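Thanks for coming. I will go through one structure today, starting with the chain as a whole and then moving to a few places on it.

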Amino acid sequence: MSGGVFEALGEPVRRGILQLLAAGAQPAGAVVAAVQALAPISQPAVSQHLKVLREAGLVAMRAEGTRRYYALDAAGVDSAQAWLDALADPLAPLTQPLDALATEVARGRRARRGAPADRDSKVA
C-alpha cells in the first residue's frame, strides 16, 4: 500500500469528506456545500481535496452527464484497513503456516501411536 493514503488522511478536510461519503455517493456540488458549511473553503480547494483522495485510492468518481458523483472506494479503504490490521497483529501472517504445522505434528503423533498396535496385530 502506498503512503499516499495516509498522507491524504492527514488533512482534516479530507477526513471530513470521507465521513460524508461514508453515508453514500454524493454529487460534487453537495460535497462542496457540506464542506463549505464546516469551514471557509473555496470550491476549487474542495475539488483539489477530492483529487488527492481519488489519487490515493480512497474515493471513486463517476460521471453522469455533466454531474460528477463521489463515493468511497472500498478497495482503497480495505487496503488501508489491512495495513493497519497488520500493524495491530504482526504475527497474523504466521497463523496459517503454524496451524498447518500443528496439524502435521498431530498427524505424526497419531501415526506413532498407531504404529505399535499395527505391528502387534501383524504378529498375532
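Before the first number, a definition: a residue is buried when its relative accessible area is under 20%, exposed when over 50%, and partly exposed in between, using a 1.4 Å probe and protein chains only. By that rule, buried residues are 18% of the 124 residues in the protein chain.

A word on the source. This is a predicted model, in which local features need pLDDT of at least 70 and side-chain atom pairs count only at pLDDT 80 or more, while totals for chains, interfaces and linings use all residues. Residues are numbered from 1 along each chain as its sequence is written, and side-chain values use heavy atoms, with hydrogens and water left out.

Now the layout. The protein chain has six helices and three strands. Both are DSSP runs numbered from the N terminus: helices are H or I with at least four residues, strands are E with at least two. Read from the N terminus, the order is α-α-β-α-α-β-β-α-α.

Next, the largest pocket. How much space lies in it? About 190 Å³. The search runs on a 1 Å grid over the protein atoms alone, and a pocket is an open set of points with protein on both sides within 12 Å along at least five of seven lines; lining residues have an atom within 4 Å of a point. Grid points are joined across faces, edges and corners, and the volume is the space filled by probe spheres set on the points.

The lining of this pocket consists of Phe-6, Leu-9, Leu-18, Ala-22, Leu-58, Leu-72, Val-77, Ala-80, Gln-81 and Leu-84. Helix H1 (4-9) and H5 are the elements that give two or more residues to it. H5 has the largest share, with four residues. By type, the lining has nine nonpolar residues, one polar and no charged. Here Ala, Val, Leu, Ile, Met, Phe, Trp, Tyr, Cys and Pro count as nonpolar, Asp, Glu, Lys and Arg as charged, and the others, Gly among them, as polar.

Staying with helix H5, residues 74-88, we find Trp-83 there. Its relative accessible area is 40%, so Trp-83 is partly exposed. Trp-83, Leu-84 and Leu-87 make a nonpolar patch on the surface, with about 300 Å² of accessible area together. Such a patch takes residues with over 30% relative accessible area and no salt bridge, and joins nonpolar side chains (Val, Leu, Ile, Met, Phe, Trp, Tyr) within 5 Å. The areas come from the Shrake-Rupley method with a 1.4 Å probe.

That brings up salt bridges, meaning a side-chain nitrogen of Lys or Arg within 4 Å of a carboxyl oxygen of Asp or Glu. How many does a search of the whole structure find? Three.

One joins Glu-55 and Lys-51, with the closest N and O atoms 4.0 Å apart. Both residues lie in helix H4, four residues apart, about one turn of the helix. Glu-55 is exposed because its relative accessible area is 61%, whereas Lys-51, at 35%, is partly exposed.

Another links Arg-107 to Glu-104 at 2.6 Å between the closest N and O atoms. These two sit in helix H6 (residues 92-123), three residues apart.

There is also Arg-62 with Glu-64, at 2.9 Å, N to O.

Last, back to helix H4, residues 43-55, which contains His-49. Is His-49 buried or exposed? Its relative accessibility is 12%, so His-49 counts as buried. His-49 and Val-13 are 36 residues apart in sequence, yet their C-alpha atoms are 7.6 Å apart in space.

Definitions and conventions
Patches are made of residues with over 30% relative accessible area and no salt bridge: like charges are joined within 9 Å, nonpolar side chains (Val, Leu, Ile, Met, Phe, Trp, Tyr) within 5 Å. On a 1 Å grid over the protein atoms alone, a cavity is a set of points where a 1.4 Å probe fits but cannot get out, and a pocket is an open set with protein on both sides within 12 Å along at least five of seven lines; lining residues have an atom within 4 Å of a point.
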